[in-house]
Structures are given as structure tokens and as C-alpha cells.
Amino acid sequence: MRLKLLLTFLLSLSLPDCFEEQNWAAFQTGTPEQVAPAIMTLPLKTGVNTVSKDGATPLTMASFYNSNAAVTQALLDAGADIEFRSEDGISALGFAAANNN
């Protein structure tokens, strides 16, 4: 129990709240096979629902840029929050519709 508390505390100190740009490409233009490893690089604290410094999640990025429905499904299967809305109030579905995805 003490070890779990210590690990939780250490993770909360060392993990950023936003993911780095090098992961964006997998969500924007990648295949499901490329998305899975990118998900593993996201902070453990927030995982697939991590919000970028620009206010996007992997799901909203994939919905806007990536027309591969299997990528969106992989993110949903990994636990992506389909209800997340950007600061402008746009959902993943809204981003997909805006870009004909």
C-alpha cells in the first residue's frame, strides 16, 4: 500500500499534463498499428485523454486529420473520451464532420 502511494505521488510529479508533438503524427496520419505505440508514450496519469497544449486530445486530432476510421476506433477502444469538447466546444464528431472524415 505504501509503495502504491509513493508511486502515485512520484508519477504525479514527473508526468506532464500534455503530450509532445512527436506523438501527433501518429494520431493525425498514422495507422492503427502506429497509434498503439503512440498511446503508450502518453502520460500514465491521463493516458489517451491527455490534452495537448493546443487543447486537443488524440481523438480530436485523429477525427480532424485522419480519415482512417480504424484509428478512431483504436482510440475509442483504448478509452478515449468521446464526450470531450475543445475550448471552442467542438467534439470529435464535430471535427470529423468539419473535415469530411
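Here are a few exercises on pockets and helix packing in a predicted model, each with a worked solution.

Ground rules before you start: numbering runs from 1 along each chain as its sequence is written, and side-chain values use heavy atoms, with hydrogens and water left out. Since the model is predicted, local features need pLDDT of at least 70 and side-chain atom pairs count only at pLDDT 80 or more, while totals for chains, interfaces and linings use all residues.

**Exercise 1.** Work out how helix 3 and helix 5 are arranged, and which residues meet.

*Solution.* 
- Start with the axes: helix 3 (residues 32–40) and helix 5 come within 9 Å and cross at roughly 30°. Helices here are DSSP runs of H or I with at least four residues, numbered from the N terminus; axes are lines fitted to C-alpha atoms over the stretch in contact, and angles run from 0 to 180 degrees between N-to-C directions.
- Next, name the arrangement. Angles under 35 degrees count as roughly parallel and over 145 as roughly antiparallel, with 65 to 115 roughly perpendicular and the rest oblique, so helix 3 and helix 5 are roughly parallel.
- Then the residues: Pro-32, Val-35 and Ile-39 of helix 3 meet Ala-70, Val-71 and Leu-75 of helix 5, where contact means heavy atoms within 4.5 Å.
- Finally, sort by class: that contact has six nonpolar, no polar and no charged residues. (Ala, Val, Leu, Ile, Met, Phe, Trp, Tyr, Cys and Pro count as nonpolar, Asp, Glu, Lys and Arg as charged, and the others, Gly among them, as polar.)

**Exercise 2.** Do the analysis again for helix 4 and helix 5.

*Solution.* 
- The two pack at an angle of about 170°, axes 9 Å apart, and that makes them roughly antiparallel.
- On the helix 4 side you'll find Pro-58, Leu-59 and Ala-62; they meet Val-71, Thr-72, Leu-75 and Leu-76 in helix 5.
- Count the classes and you get six nonpolar, one polar and no charged residues.

**Exercise 3.** Find where Ile-82 sits and what it touches.

*Solution.* 
- Ile-82 is in the loop between helix 5 and helix 6.
- Skip its neighbours within four places in sequence, and Ile-82 contacts Leu-59 and Leu-76.
- Now check a C-alpha pair: Ile-82 and Ala-92 are 10 residues apart along the chain, with 6.7 Å between their C-alpha atoms.

**Exercise 4.** Describe the largest pocket and the second largest pocket, linings included.

*Solution.* 
- A volume is the space filled by probe spheres set on the points, and the probe is 1.4 Å.
- The largest pocket comes out at about 220 Å³. Of its 14 lining residues, Asp-54, Gly-55, Ala-56, Thr-60 and Phe-95 are closest to the centre.
- Helix 4 gives the most to this lining, four residues. By class, the lining has seven nonpolar, four polar and three charged residues.
- The second largest pocket is about 170 Å³. It has 13 lining residues, and Ser-63, Thr-72, Ala-92, Leu-93 and Ala-96 are closest to its centre.
- Helix 4, helix 5 (69–77) and helix 6 (92–98) each supply at least two residues here. This lining has seven nonpolar, six polar and no charged residues.

Note on methods: On a 1 Å grid over the protein atoms alone, a cavity is a set of points where a 1.4 Å probe fits but cannot get out, and a pocket is an open set with protein on both sides within 12 Å along at least five of seven lines; lining residues have an atom within 4 Å of a point.
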